[in-house]
Amino acid sequence: TYSQWTFRQLDEEANRLASGMQKMGIGPGRKMVLMVPPSLEFITLTFALFRTGATVVLIDPGMGRDNILNCLSEVNPDGFAAIPVVHFIRRWKSRRFADANFNIVVGNEFCAGAVSYRSVLETGSPQNPTPHTESTDPAAIIFTSGSTGTPKGVVYEHGMFNAQVDLLGDYYQIQPGEIDLPGFPLFALFNTALGVTTVIPDMNPTKPAKVNPRRILQIMDDQGVTQAFGSPALWNRVGRFMSKHNRQFTSLKRALSAGAAVPLDVLKRMSDALDQPDATLNTPYGATEALPVCSIDHRALLHQTAEKTRLGAGTCVGTVFPKTQVKIIAITNDPIETLNEVDELATGQIGEIIVKSPAVTREYFNQPLATRLAKIKDGESFWHRMGDVGYLCDEGRLWFCGRKAHIVKTASGPMYSVCCEAPFLEHPQIYRAALIGIGMDQQQTPIIIVEPEPSHFPKNDKQKEKLIAELRAIARGNRLTEAIDTFLFHRSFPVDRRHNVKIHREELTSWAQKQPTIASGLSRR
């Protein structure tokens, strides 16, 4: 069974909620944490809070308890709109949240120190006096996943959200009346702004790699879904199921995937499952601080860039969105105050990726040093340093070569993760590969850690030696990887909790240093 609301019902409920919140004292200057699962209430509360003029604080529940508590403490919220367990933690950690006086509970009529969603709704009126907001006023604080460091609160202004909606809608030609299934909850908010129906999937949004493909496909068939967003981990799971059972998407016209590069085998399986001749799988590139930046579809990836990717040229992330600029600059970890200080690189040279657009954010919340390291001033606007490395090709497409933090610095030069891992992914028994470096900067030893397909994990030393010999032969056959001589096997890579796809290479490095063959080599040094 399905519950549903019309846009009119959503509009009226958001107005009533906003009016009731204003009577509570929620308005401009208030920071309100929203921690509610994907639901009608999640969407309504978001727009209701926008209509009060308050700043919505959105924290990914998948980032882990300690990170969540630290992020919440950093924001020092004025209140919570959340499910009961969150309010229990708020009361348990009351010293951390001493200023959280405006609290709404969702899913329970009674919760100490909070009023119920229904009560707020009943005290509100349909005519909500929405306060005037400027495009530069804060609308939300959205935390990064923290996949390569501590999560940081990204300050979004109302104008930035407007720019995102316009860029995405225009580029993908998204039309009112389309039906979308968002595998990442925040994308439901774009749908509402674009006049697109949202179908909330039956899944745990923090575990897309564990999604049940049958449930996803049933919902898509029942509701005639025309667009769907999911991480590569979700499409890997769904695509394998489609391939095994010879299924196709009957109504899907547009699929999107982001969070990390989509593996070529996932693209191929999804391509085979797209039934409509003009249907596409698009892979937008961006970050919490700068979204969207580039996009490319599955046809271009499979038929124009795949062979270069296999050889180690990196992953093509496509052409730049309108009103968006991309530059490649010399890699540095130092702050860059103004654009005049950058050393811009020529076409084809690998360097640090920086981006400027109406959707690029200006600062992190209450973190001036992080802001200084990530932003480059250009007149009245800013460029964002993506923390990624790559290059622009002669066709004007952007190629992604990995994270700046994951460069392995050897005596013979830098090695880039995405470029060096690609050749090993061509081995039919290998699911994932990760490049790490052991040792001091500029003198690191490159190591490849592989995660074989579960059915192909070596069962004994003989199988292990055979697979290592095959991987070593791959390494010798490519100038990018010929220096790699050490290979380790890992049963399941640690990945980010948001998209289940970004490899935690820092954790893998710590794990590798404890392995007997590596530990003995380090002790000899």
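This is a predicted model: local features need pLDDT of at least 70, side-chain atom pairs count only at pLDDT 80 or more; totals for chains, interfaces and linings use all residues.
Good morning, colleagues. I begin with helix 2, which comprises residues 40–52. At 1.5 Å a residue, its 13 residues should span 18 Å, and the end C-alpha atoms are 19 Å apart, which agrees. Helix 2 is mostly covered, since ten of the 13 residues are buried. Directly after the helix, Gly53 adopts a positive phi of about 90°.

What does helix 2 meet in helix 7? Phe42, Ile43, Thr46 and Phe47 of helix 2 are in contact with Ala188, Leu189 and Thr192 of helix 7. Helix 7 covers residues 187–194, and the two axes come within 10 Å, crossing at roughly 65°. That angle makes helix 2 roughly perpendicular to helix 7. The crossing of this pair is right-handed.

Helix 7 also has a contact with helix 6, residues 158–172. Here the axes come within 10 Å and cross at roughly 80°, so helix 6 is roughly perpendicular to helix 7. On the helix 6 side the contact is made by Gln164, Val165, Leu168 and Gly169, and on the helix 7 side by Phe190, Ala193 and Leu194.

Next, helix 10. In this helix, residues 264–273, the buried positions are Leu264, Val266, Leu267, Arg269, Met270 and Ala273. These buried residues pack against helix 9, strand 12 and helix 11, at residues 232–245, 280–282 and 298–311 respectively.

I turn now to individual residues. Is Arg254 buried or exposed? Arg254 has a relative accessible area of 10%, under the 20% cut-off, and is therefore buried. Arg254 belongs to strand 11, residues 254–257. Its side chain reaches the backbone oxygen of Tyr172 at 3.2 Å, and makes a polar contact of 2.5 Å with the side chain of Gln227. Asp278 is 24 residues from Arg254 in sequence, with 8.8 Å between their C-alpha atoms.

Ile219, in helix 8 (residues 213–223), is likewise buried, with a relative accessible area of 8%. Beyond residues up to four places away in sequence, Ile219 touches Tyr2, Leu181, Val199, Ile200, Pro201, Asp202 and Val225. For the pair Ile219 and Ile200, 19 residues apart along the chain, the C-alpha separation is 8.9 Å.

Finally, the backbone. Most residues other than glycine have a negative phi, and most peptide bonds are trans.

Asn76 has a positive phi of about 50° although it is not a glycine. Asn76 sits in the loop between helix 3 (65–75) and strand 3 (79–82), and is partly exposed at a relative accessible area of 30%.

Asn246 also has a positive phi, about 55°, and is not a glycine. This residue occupies the loop between helix 9 and strand 11. Asn246 is exposed, with a relative accessible area of 70%.

Which peptide bond is cis? The bond from Leu291 to Pro292 is cis, with omega near 0°. Pro292 is placed in strand 14, residues 290–295.

Thank you for your attention.

Key: Residues are numbered from 1 along each chain as its sequence is written. Side-chain values use heavy atoms; hydrogens and water are left out. Helices (H or I, at least four residues) and strands (E, at least two) are DSSP runs, numbered from the N terminus. The expected span of a helix is 1.5 Å times one less than its number of residues. Buried means under 20% relative accessible area, exposed over 50%, partly exposed in between (1.4 Å probe, protein chains only). Contact means heavy atoms within 4.5 Å. A polar contact is a pair of N or O atoms within 3.5 Å; within protein, one must be able to donate a hydrogen and the other to accept it, and residues adjacent in sequence count only if both atoms are side-chain atoms. Axes are lines fitted to C-alpha atoms, for helices over the stretch in contact, and angles run from 0 to 180 degrees between N-to-C directions. Angles under 35 degrees count as roughly parallel, over 145 as roughly antiparallel, 65 to 115 as roughly perpendicular and the rest as oblique. A crossing is left-handed if the near helix is turned anticlockwise from the far one by less than a right angle, and right-handed if clockwise.
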